[in-house]
Amino acid sequence: MQFKTLKDYGDLLRGQNLLSEENLHGSENKTVRDISYSSLSVDEGTLFLCKGANFKREYLLDAQRRGAVAYVAEKDMEVPDMPLFTVKDMRKSISVLSSFYFDKSWEKGLKIIGLTGTKGKSTTATMVKEILDLHKGRPVGFSSGIYTYDGKVKEKAKKLTTPETIELHRILYNSVKNKTEYLVMEVSSQGLKYDRVDALDYEICGFLNISEDHISDAEHKDMEDYFTSKLKIFQKSKAACINLDMESEYLDRVLNEAHNRCSKVITFGFSKEADIRGIKVEEKPNALVLTADVLGEIWEIPINIGGVHNSYNALCAIAISNYLGVPMDTVKKGLSQVRVEGRMEHYNIPEENVDIIIDGAHNKMSYEALFDYVREQYPNRKVGFLFGCVGDKAFNRRKEAGEIADKNADFIIITERDPGKEPVENICRDILAHIDHKEKARIIVDRDEAVTYALDKARDLKDTVLLLCGCGSDAYIKRGSKLVEFRTDGERVEEYLNSPDTMI
């Protein structure tokens with residue numbers, strides 16, 4: 001990349017009508033060698049961005065000590081002799097400055113595919129990536145709530161479905177440098193609302209579904225705010241794939257926005273009007289066989305993941321791949337071998353006829369789909385359900401999860417998921433308040449202990465399906481204001497099954 005001077009950054013902000021004031025103390029020609037909003041990552045020559053509602057002046061002073069060349073903030077932080085830019089909109093400025101620093105390199109040889117929706121983003125993104133990996137003969141770039149990959153480095157995701165702006169732009173820059181050609185990414189409502197993806201253009205996007213979620217003071221004030229945030233993806237997409245069977249109250253607005261903003265719109269679903277049309281789906285434990293009409297040609301496609309709801313994710317992946325020119329034989333092979341970390345992962349204890357399913361389900365829509373799957377594939381089995389809810393936000397999920405657990409599960413374990421600054425015990429008690437049959441519910445705050453207890457109970461009961469939900473492949477949780485490394489439920493189950501004390 002080409003390093004620029006402070007003057008260049010000032011001219012950029014001024015040209016974007018974001019600059020309120022600047023005072024560079026005669027440092028206009030100093031070179032910006034990096035850009036960051038974490039004082040811990042500041043080196044000599046870094047342009048420091050004062051980001052976040054909880055920002056403290058001490059972070060800026062720490063950045064100054066570490067060699068920051070200047071800072072950007074929405075107000076003068078009164079640090080003597082330190083060059084500064086004051087801006088009107090910090091989030092918009094971060095997007096503009098970050099894309100400028102990385103030379104918008106993703107416009108030079110990277111096709112970005114974006115997936116949004118209330119559920120199914122990780123699964124669909126992984127399906128598309130598996131197909132494109134086969135098509136290109138090498139792994140393409142990836143950004144999801146599971147992990148990120150830039151053509152060389154694979155890292156577990158640190159909580160956010162869509163990374164913060166600088167981290168995302170760095171992944172894109174490295175993906176171009178590493179010649180991945182494509183990058184598949186999940187696009188969250190928060191990423192769209194708060195301009196994390198503002199500088200990006202998508203070759204094609206997929207809009208999977210929409211239902212009430214993420215409604216809180218910390219996320220979206222109401223459903224309209226959530227929905228309109230999701231719709232913003234069409235402003236940035238050349239083409240769009242739309243689920244024609246999505247919730248009817250939203251479908252017309254989705255289609256209208258897509259047709260108004262995108263040069264091509266492709267529909268998918270089981271509706272007769274869909275361009276990529278599912279004809280039937282045969283559901284098996286841990287697998288599907290989908291029969292689909294792909295532009296007039298009938299294909300029978302095995303899919304290496306259970307849950308009939310995943311047939312929609314597969315249809316979206318087929319539609320995207322078709323638009324990108326991938327042969328259907330490659331699409332079929334990719335879907336036949338796809339594996340999604342933390343999504344419908346299956347373990348079995350045959351001696352007691354216990355099946356364990358690990359899934360990232362965390363909202364009403366995904367819980368209901370998972371229980372539908374269990375009733376269909378494991379009739380007459382007892383069902384155990386282990387889950388938790390996030391802290392500080394999405395409070396409606398606690399009521400929904402409690403009610404769904406009460407209705408569908410024979411035993412319930414409520415535990416830690418991602419508490420943030422809220423005590424885990426308080427979150428668990430809030431959920432328990434919405435469970436009428438409290439005798440079948442138990443709070444175990446420590447997730448390691450909770451999983452062990454759930455596994456022991458499932459084995460004692462026998463003939464049981466145990467659902468471990470919410471974390472999926474999450475490798476970090478937020479406790480207080482800090483990210484803490486966290487074992488996945490898969491790691492917990494494997495340790496249990498391989499332990500000499502519980503060896504089966």
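This is a predicted model: local features need pLDDT of at least 70, side-chain atom pairs count only at pLDDT 80 or more; totals for chains, interfaces and linings use all residues.
View 1. Of its 18 lining residues, Lys119, Asn209, Ser211, Glu247 and Met365 lie nearest the centre. Helix 11 (364–377) and helix 9 each supply at least two residues of the lining, and helix 11 gives the most, with four. (Helices are DSSP runs of H or I, at least four residues, numbered from the N terminus. A pocket is an open set of points on a 1 Å grid over the protein atoms alone, with protein on both sides within 12 Å along at least five of seven lines; lining residues have an atom within 4 Å of a point.) For the classes, Ala, Val, Leu, Ile, Met, Phe, Trp, Tyr, Cys and Pro count as nonpolar, Asp, Glu, Lys and Arg as charged, and the others, Gly among them, as polar.

**View 2. The largest cavity, with about 40 Å³ of space.** A cavity is a set of grid points where a 1.4 Å probe fits but cannot get out, and its volume is the space filled by probe spheres set on the points, which are joined across faces, edges and corners. The count comes to one cavity of 30 Å³ or more. Lys51, Arg91, Ile94, Glu164, Thr165 and Arg196 form the lining: one nonpolar, one polar and four charged.

**View 3. Helix 3 (residues 90–101) against helix 5 (residues 165–177).** Their axes, lines fitted to C-alpha atoms over the stretch in contact, come within 9 Å and cross at roughly 25°. The two helices are therefore roughly parallel (angles under 35 degrees). Ile94, Ser95, Ser98 and Ser99 in helix 3 meet Thr165, Ile166 and His169 in helix 5 (heavy atoms within 4.5 Å). That contact has two nonpolar, five polar and no charged residues.

**View 4. Helix 9 (residues 310–323) with helix 10 (residues 328–337).** Here the axes come within 10 Å and cross at roughly 150°. Ala314, Ile318 and Ser321 in helix 9 meet Met328, Val331 and Leu335 in helix 10. By class, this contact has five nonpolar, one polar and no charged residues.

Definitions and conventions: Residues are numbered from 1 along each chain as its sequence is written. Side-chain values use heavy atoms; hydrogens and water are left out. Axes are lines fitted to C-alpha atoms, for helices over the stretch in contact, and angles run from 0 to 180 degrees between N-to-C directions. Angles under 35 degrees count as roughly parallel, over 145 as roughly antiparallel, 65 to 115 as roughly perpendicular and the rest as oblique.
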